[in-house]
Amino acid sequence: MSAEFPVVFEMRTFDNRRRQPDEFAEIARMIRRDIIKSLVLAGSGHSGGPLGSADIFAVLYFGGYMRYNPQDWWTPRDRFVLSAGHMCPVLYATLANTGAFPKEELGTLRKYNSRLQGHPGRDMGLPGVETSTGSLGQGISIAVGMAMADKLLDRNGYRVFTLTGDGELQEGSVWEAAMAASNFKLDNFCWIIDNNDCQIDGRVHDVMSIYPLEDKCRAFGFDVVTVDGHNYHELCSAFDRFVTNSQQECGKPTAIIAKTLMGKGVSFMEDRYEWHGKPPTWEQARLALRELGEDIPEPVTV
Amino acid sequence: MSIPFQLRGSKPTRQGFGEGLVVLGERYDNVVVLGGDITGSVMTSLFKERFPDRFFSIGVAEQNATTIAAGLALSGKIPFFASYGAFCALRNADQLRISVCYNEVNVKIGGGHAGISVGPDGATHQVLEEIAYLRTLPHMTLLVPCDYLEAKKATIAMGEMVGPAYIRFGRAAIPFFTSDDTPFQIGKAQVFRDGTDVALIACGAMVWEALLAADKLSQRGIQARVINVSTIKPFDVETVVDAARECGAIVTAEEHQVHAGLGGAVAEVVAKNYPVPIEFVGVKDSFGGSGEPEELMEKFGLTWKEIYAAALVAIERRDRGFISYRMVKDVPRYDDVHANAHSAL
């Protein structure tokens with residue numbers, strides 16, 4: 001029996017600036033708590049990938065790498081495309097923590113008329129959602145198109161980031177996009193691969209191997225960095241390398257292979273592919289939040 | 001009042017598309033074109049030569065080209081991507097559905113080599129199913145011009161409207177009969193011939209065949225109205241329903257499967273508003289094959305003769321009511337009906 005509890009989204013937001021790596025831990029914990037809360041309220045959705053990539057999002061959005069104005073999102077800005085659209089709970093939680101929209105809106109995830117659709121829908125106009133995604137393999141091509149628009153035509157100097165899953169790399173069109181990124185020398189393009197080796201049916205290497213991944217990305221013309229996706233030092237230096245590549249116009253796109261654990265931060269979800277596509281129960285949410293530093297009182301038993 | 005026309009020669013619709021792109025390139029700095037390795041045959045090569053800085057070769061990768069176009073559109077460009085319809089309407093169907101239409105971005109697709117008149121390349125390259133798919137996509141605008149000049153006008157118009165749009169054009173030279181004065185407006189069908197005995201509703205290359213059929217029908221005293229549905233979506237309900245009310249019998253004609261294309265669109269609207277007998281001329285639930293365009297159009301029943309025969313049947317059904325159980329793809333043979341209208345079935 002799983003007892004509901006009142007869910008409160010902490011009103012705190014974070015600014016976007018260069019930080020010491022250790023400062024990201026607090027932000028990532030906040031993002032993870034918000035993910036758990038929005039998922040338990042939604043009653044459906046994806047837990048594993050969003051929790052596993054929270055550290056990447058913390059660094060990308062709060063470390064000065066993505067440049068944006070949370071008060072007026074659609075002004076000149078860098079672009080982020082969540083190619084793995086099903087991971088949107090982490091994107092929504094991240095955007096809410098920038099102040100782009102009120103945090104209590106996270107409680108509407110997957111609900112009727114919500115701007116927080118089950119997969120990102122551009123039609124809902126949520127600040128920070130640049131495009132609809134959800135059919136795997138398409139977001140990366142959209143991001144390539146955005147990078148082309150600036151690199152080859154407008155020259156405003158904006159950066160384009162995309163995050164794909166690793167199971168997603170089984171979609172052939174991902175490699176069409178990769179080919180185009182290096183063909184057009186898009187050094188303003190950063191491809192982040194969330195490599196947790198988990199997908200719905202099991203381990204990626206069992207379902208259909210995508211490896212050797214680093215060799216593949218290199219062969220497709222990328223400057224490749226492999227990092228521990230939970231290590232802020234490594235994530236910062238990877239993004240620094242991309243920024244340098246971009247500023248020096250090195251002529252190569254950057255790929256960051258982030259080795260992550262699905263469900264990171266919640267012990268009973270960690271590295272378990274069963275958590276790809278389901279939300280926590282209320283009891284599991286209580287335990288998860290406790291592990292993430294927020295104590296929810298035990299239900300009173302009579 | 002019907003719109004005047006005059007046969008002025010023969011040209012392929014793809015040429016109108018290629019020339020239309022150049023006009024757009026001159027007018028708008030943010031028009032860009034993506035190539036899919038067949039730029040000569042879909043005539044995006046004209047734009048490439050004129051505006052090399054705004055042409056990007058994506059290679060044989062239609063899924064990627066379609067989604068890159070979405071990314072360009074999200075960055076303020078007006079991207080056109082053209083290939084053969086088989087590959088830029090169906091191979092990339094999911095990309096069109098999600099990244100273009102659900103996203104509601106300003107992406108324009110040129111689908112060449114449409115229909116059986118592709119000729120020797122055979123069935124794989126003769127797309128006969130894409131109207132059916134594209135007209136079900138929310139936000140999509142779907143244009144099927146009837147000749148070279150209309151293709152050029154339609155290309156310019158789709159570049160100047162905002163939102164996803166697709167234009168269908170062909171490889172073979174076909175009669176060219178509209179002029180600079182012929183009105184063209186997205187969403188508006190044109191009546192090229194007045195009549196109240198039967199309505200011949202066609203698109204693409206079949207419009208000219210419908211005009212020929214109307215001539216032959218008039219020789220036996222039947223006055224056919226000929227309607228060019230140059231925009232399949234949004235559909236001109238008024239012109240088609242008026243034709244149903246005033247003629248009471250309809251024939252649709254298209255270089256596409258008889259199922260779910262123009263004929264399907266007409267049937268939906270007529271069934272909803274003013275049901276009358278409809279006969280469907282098109283490819284009868286089969287794949288194409290190699291041959292010269294004229295041979296194929298004859299073999300697959302895409303000439304004025306089938307429209308003529310279908311018109312007699314439609315009139316007979318209007319006048320007699322139910323006659324027999326028939327499939328949508330059952331089209332009478334010209335030789336069987338032209339001697340005696342009342343032996344049509």
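## Overall form of chain B

For a chain of 345 residues, a compact globule would have a radius of gyration near 20 Å; chain B has 19 Å, which agrees with that expectation. The C-alpha trace of chain B spans about 60 × 40 × 40 Å along its principal axes. In terms of secondary structure, chain B contains 13 helices and 14 strands.

## Confidence of the prediction

The model described here is predicted. The average pLDDT of chain B is 96, and 98% of its residues score at least 70. For the complex, the predictor gives an ipTM of 0.96 and a pTM of 0.97.

## Two helices of chain A

Two packed helices are described by the angle between their axes and the distance between the axes. In chain A, helix 1 covers residues 24-42 and helix 2 covers residues 48-62. Their axes come within 9 Å and cross at roughly 130 degrees. Helix 1 of chain A passes helix 2 of chain A in a right-handed crossing.

On the side of helix 1 of chain A, the contact is made by A:F24, A:I27, A:A28, A:I31, A:R32 and A:I35. Helix 2 of chain A contributes A:P50, A:L51, A:A54, A:D55, A:F57, A:A58, A:V59 and A:F62. Sorted by class, the residues of this contact comprise 12 nonpolar, no polar and 2 charged.

Notes. Residues numbered from 1 in each chain as written. Chains lettered and ligands numbered in written order. Predicted model: local features only at pLDDT ≥ 70, side-chain atom pairs only at ≥ 80, totals over all residues. pLDDT = per-residue confidence, 0-100. Axes fitted to C-alpha atoms, helices over the stretch in contact; angles between N-to-C directions. Helix = DSSP H or I, 4+ residues; strand = E, 2+ residues; numbered from the N terminus. Left-handed = near helix turned anticlockwise from the far one by under 90°. Contact = placed C-beta atoms within 7 Å. Nonpolar A, V, L, I, M, F, W, Y, C, P; charged D, E, K, R; others polar. Rg over C-alpha atoms; globule rule 2.2 N^0.38 Å.
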